[in-house]
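Please look over the sequence and the model shown here before reading the notes that follow. They begin with the terms and then go through the structure topic by topic.

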Amino acid sequence: MSAFPSAEAELREVNRFLEMFAALDPAPSAVFDQALDHAHAYKTRLETPVRIAFTGKSLAGKSSLINLLIGEKVLPTGKASVGSVTVMVRHSLIERTTASWWDRPSVELPGRALAQAAELGPDIITLDITCEPLEGLSLIDIVSFDDAESSKRAVFSLMRLADVMLWCSRAENPMIKADSESWRMIPGRLIRNSMLILTHAEDVDEAGIAAAKEKLTPDRLRSFRDVIPVSTKVAMLALSNPGPNFEELWSVSGAQQLVESVIAAAVELREAEIEKIRRGLAQFIQPAQAELDALARTSATTPAPTSDPVVPPAAVPVVPAPTPIGTATQAADAQLLDKLRQDWFARARSLLDRARDGDYGDPAEFVMAAQEEVDGFRDRLSDAEGQLAESDELIAECEKANDILILLQFESADSAALDAARIVVQLSEGIDHLCPAGQKAA
């Protein structure tokens, strides 16, 4: 099912740097420290499949859609599902089931042992199965948005696990009020990379599907990259009884559009990741690799000691001269930084003035406003990556802050709004210490 751009060259470059660094064990330096941090992050991301999360209310058809994409019934569906636990399915040559918790060690079970793993009460179950069409993808059945507690677990799982989100909603009544309230809690980065899947479409005719779409507000429709009606029963019938009408049934069911849209979203995301990593390799890894290569050449040309030692002249390490940064580039980077700072501080000042005056209104709405500002700034900062020194650290801080602010939206006390204001202040301190690339923060 997957057809992703290859990242083998980038992964080889990262592994070569890490292996050579471990072998040479050079003296610590800012160049190596920064390169190591980025190399480990790039290796993890390149080795992690694109994660497609299916979420929504109970009985919305999430598990059925995953079974449809896999081509067999791997997950129990309907009321027979595993309950309040997130399940991840991915390809592996060795089939196993892993029960995991956010705060303690995992338990691994042989084979497909979903029910046995669920009895352990984990936060997430990972089902590794031999399924080559899944190579490069993980399909995740997120715990349902049914009540405050399960919604909190669902949001936390989405924040930690998802790259692309498929919101599943029954075709006869999509995005009902309860769905809309849950939608407010979703991280902005996922909303921008989401699809609405209208499930159980076999129960609704074409006029009903059109009426269902009309129930969605224009803003809500624009937030999805695709809106796809899927007749799961028809698609599964086509899979279980392949015959001369297979292609017609598969297409009419909406399954083909679902497969193509999932692949397109995953490929687009992976291509963007690879391009970002290539820029990081050029900025952080390759200069450090050049220093390692020079150190290796120096070590290779140093004579080994003999029985009658002769002290050779001191070797002078060949260290590449730093690439000068043109004044035009410096000016452009400084201008960008100034614009980012002014934009953030103007938005932060508005929030903090409300906090200072006690003008919270609904604390959850104040927290949501703070979360949207942080999420938007993270995106603007990510777009400027490579032009600002140590921006990766601040992007990571923004992501942590964004996660906390989303979880704070479940709280109703004024203290949640005060906590949100404190987070904004802490981020402002980090933003104040940003500087253009090529310079070190004070």
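A residue is called buried when its relative accessible area is under 20%, exposed when it is over 50%, and partly exposed in between, with a 1.4 Å probe and protein chains only. Helices (H or I, at least four residues) and strands (E, at least two) are DSSP runs numbered from the N terminus. This is a predicted model, in which local features need pLDDT of at least 70 and side-chain atom pairs count only at pLDDT 80 or more, while totals for chains, interfaces and linings use all residues. Residues are numbered from 1 along each chain as its sequence is written, and side-chain values use heavy atoms, with hydrogens and water left out.

**Overall make-up**

- The protein chain has 16 helices and 11 strands, and buried residues make up 46% of its 442 residues.
- Taking contact to mean heavy atoms within 4.5 Å, 76% of the contacts in the protein chain between residues at least 6 apart in sequence join residues at least 24 apart.

**Helix α3 and what follows**

- Helix α3, which covers residues 62-70, is mostly covered, since eight of its nine residues are buried.
- The buried residues of α3 are K62, S63, L65, I66, N67, L68, L69 and I70.
- After α3 comes G71, whose phi is positive, near 95°.

**Packing of α2 against α12**

- Helix α2 (residues 30-47) and helix α12 (residues 255-301) pack at an angle of about 145°, with their axes 9 Å apart; the axes are lines fitted to C-alpha atoms, for helices over the stretch in contact, and angles run from 0 to 180 degrees between N-to-C directions.
- The crossing of α2 past α12 is left-handed, a word used if the near helix is turned anticlockwise from the far one by less than a right angle, with right-handed used if clockwise.
- On the α2 side the contact includes V31, F32, A35 and Y42, and on the α12 side it includes I277, L281, F284 and E291.
- Sorted by class, the contact of α2 with α12 has 12 nonpolar, three polar and four charged residues, where Ala, Val, Leu, Ile, Met, Phe, Trp, Tyr, Cys and Pro count as nonpolar, Asp, Glu, Lys and Arg as charged, and the others, Gly among them, as polar.

**Nonpolar cores**

- In soluble globular proteins, nonpolar side chains tend to be buried together.
- A nonpolar core is a set of buried Ala, Val, Leu, Ile, Met, Phe, Trp, Tyr and Cys residues joined through side-chain atoms within 4.5 Å.
- The largest nonpolar core holds 45 residues, of which I52, F54, I70, V89, L166, I197 and L258 touch the most other members.
- Helix α12 supplies the largest share of this core, nine residues.
- Another core lies apart from it, with 29 residues, among them F145, A162, I191 and A201.
- Leaving aside neighbours within four places in sequence, V89 is in contact with I66, I70, L75, L127, I129, L134, L137, S138 and L139.

- T55 is found in strand β1 (residues 50-56), and T55 counts as buried because its relative accessibility is 0%.
- Not counting residues up to four places away in sequence, T55 touches K62, I142, F145, L158, M165, L166, W167 and C168.
- S138, in strand β6 (residues 137-141), is buried, with a relative accessible area of 1%.
- Not counting residues up to four places away in sequence, S138 touches P49, V50, R51, I52, M88, V89 and R90.
- L161 belongs to helix α5 (residues 148-161) and counts as buried at 10% relative accessibility.
- Leaving aside neighbours within four places in sequence, L161 is in contact with R51, T86, M88, W102, I124 and I140.
- L161 and I142 are 19 residues apart in sequence and 9.4 Å apart in space, C-alpha to C-alpha.

**Positive phi and cysteines**

- Most residues other than glycine have a negative phi, and most peptide bonds are trans.
- D25 has a positive phi near 45°; D25 lies in the loop between α1 (8-24) and α2 and is exposed, with a relative accessible area of 59%.
- H200, in the loop between β8 (194-199) and α8 (206-214), has a positive phi near 55°.
- With a disulfide taken as a pair of cysteine sulfur atoms within 2.5 Å, the count comes to zero disulfides.
- C131 counts as buried at 6% relative accessibility, and C398 is buried with a relative accessible area of 0%.
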